[in-house]
Amino acid sequence: MIAFHLEARSGVPTYLQLVQQVRQAIRLGVLRPGDQLPTVKEVVGSLTINPNTVLKAYRELDREGLVEGRRGIGTFVSDELPTTPPDGVRELRAGLQRWIDRARASGLDDESIEALFADAVRPPAVSRVA
Amino acid sequence: MSESIALEADGLGKRYGANWALRDCTLELPAGSVTALVGPNGAGKTTLLQLACGLSSPTAGTVRVLGLSPQEDAHALLPRVGFVAQEHPLHRSFTIRETLKLGRKLNPGWDDAYARERIERLGLPLGKRIAKLSGGQQAQVALTLALAKRPELLLLDEPVASLDPVARREFLNTIMEAVSEDGVTVVLSSHIIADLQRVCDQLVILSGGRAELVGSIDDILASHRLLTGARGDAEEVARVHAVIRESHTGRQTSLLVRANGHVYDSRWELHEIDLEEIVLAYLGYGRSAEPAPVPIEEAASR
């Protein structure tokens, strides 16, 4: 079972922190298909958070197809997770590795590479101010 | 619970002598929500709570609680509202048993089994006097009194201000349990923003008697961003977004904005900010006091 934690001083809404932790646990195989998530009551009791927040997080995970609620029993990781085709991921990773090698070769340290990556991942401006 | 409104204020104001303790306050708090009231002392938090439970009457505007007027329909409304005042006042010479008896005599909807079960779970002997309890225990007894009314709306005025961190967490846990199990609507005022970010889903920022910001905490976190960039003026940004705070150093400008969609100029670097920073900005903290000085490049070219 996954144990949630919260970053108290975070600009990320609490429900989204829970969503991200479940996504990450599924990605890393900590949560597998059929595994049960803590009940709303358990999360409320352990983190002292608003039950509405937990419900919102579980609804969002349900909408993404990652979990399914079973009435009166609880919330479970979906048996059929939406996955990225493994070939596609492998190819993308290889491409990223080549890019990182190039960045290192041109003298960037890890922190600069991460900053550059984070900057590129940022949502693109839809339109410019003025 | 449906999307009904538990507390509704429309142009609500309260004047004491020449001073408006609350002014032109308009807000709607959905049933089942947990709302944080924040603001400096004297901002109007207590006044708003007192108007909501009928302890005082509005000078202007209206307030409706569970669809009723706290002033005109007090008899029908009060059994449905729990109120814990600042410092959770209890009769200090009473034992816990006597305190519960008082609650039973005063409240028609009193749930004695619930009250006793809660006291037992807290590990408090019924014969113990209130004066002998720790601050945290007194707070829990006051909360038990309010919850044993089985209220639909719970109003709490700075309930955790005097509590140590453990007692504070236990107190909030009790409230969250009540929300989870009974769907109670809660409005609480506090200065401890980190707590509020955990337990609340709605936020009301009061300052100088006015509501500066009302909304869902998730929406508020999602829409506020800190923009930093090379020194410049905020005019272009302000045309699209609401600039809440503007500050400058010799070479850098920082703008805290309430964004109008995901629209940013690429010259600004974008940062997420926590709730405390947002609240401080609305309360006017961190604004540059003096007008923006002339940028270095311009000054050098003169």
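In chain B, residues 24 or more positions apart account for 70% of the contacts with a separation of 6 or more (a contact means C-beta atoms, placed from the backbone, within 7 Å). This is a predicted model, where local features need pLDDT of at least 70, side-chain atom pairs count only at pLDDT 80 or more, and totals for chains, interfaces and linings use all residues. Residues are numbered from 1 along each chain as its sequence is written, while chains are lettered from A and ligands numbered from 1 in the order in which they are written.

**Chain B overall**
- Chain B has 11 helices and 13 strands, taken as DSSP runs numbered from the N terminus (helices are H or I with at least four residues, strands are E with at least two).
- Its C-alpha atoms fill a box of roughly 80 × 40 × 40 Å along the principal axes.
- Of its 302 residues, 40% count as buried, meaning that 20 or more other C-beta atoms lie within 10 Å of the residue's own, again placed from the backbone.

**The core**
- The largest nonpolar core runs to 94 residues, and Ala52(B), Leu155(B) and Val186(B) have the most contacts inside it.
- Such a core is a set of buried Ala, Val, Leu, Ile, Met, Phe, Trp, Tyr and Cys residues joined through C-beta atoms within 7 Å.
- H5(B) is the top contributor to this core, giving seven residues.
- Beyond its neighbours within four places in sequence, Leu155(B) is in contact with residues including Leu49(B), Ala52(B), Phe83(B) and Val187(B).

**Helix H3 of chain B**
- In H3(B) (residues 96-106), the buried residues are Ile96(B), Thr99(B) and Leu100(B).
- They sit on the same side of H3(B), because they cover an arc of only 95 degrees around the axis (judged by the directions from the helix axis to the C-beta atoms).
- Their cover includes helix H4 (112-121) and helix H5 (135-147) of chain B.

**A three-stranded sheet**
- E2-E1-E4 of chain B is the strand order in an open, antiparallel sheet; strands pair if DSSP finds at least two bridges between them.
- E2 (19-30) and E4 (60-65) of chain B are the edge strands, each pairing on one side only.
- Five bridges join E1(B) (residues 5-16) to E4(B), and Leu7(B) has Val65(B) as its bridge partner in E4(B).

**Where the chains meet**
- 27 residues of chain A are in contact with 33 residues of chain B.
- On chain A's side, helices H1 (14-27), H2 (40-47) and H3 (51-63) of chain A are the elements that give two or more residues.
- H2(A) supplies the largest share, four residues.

Conventions: Contact = placed C-beta atoms within 7 Å. Buried ≥ 20, exposed ≤ 12 C-beta atoms within 10 Å, placed from the backbone.
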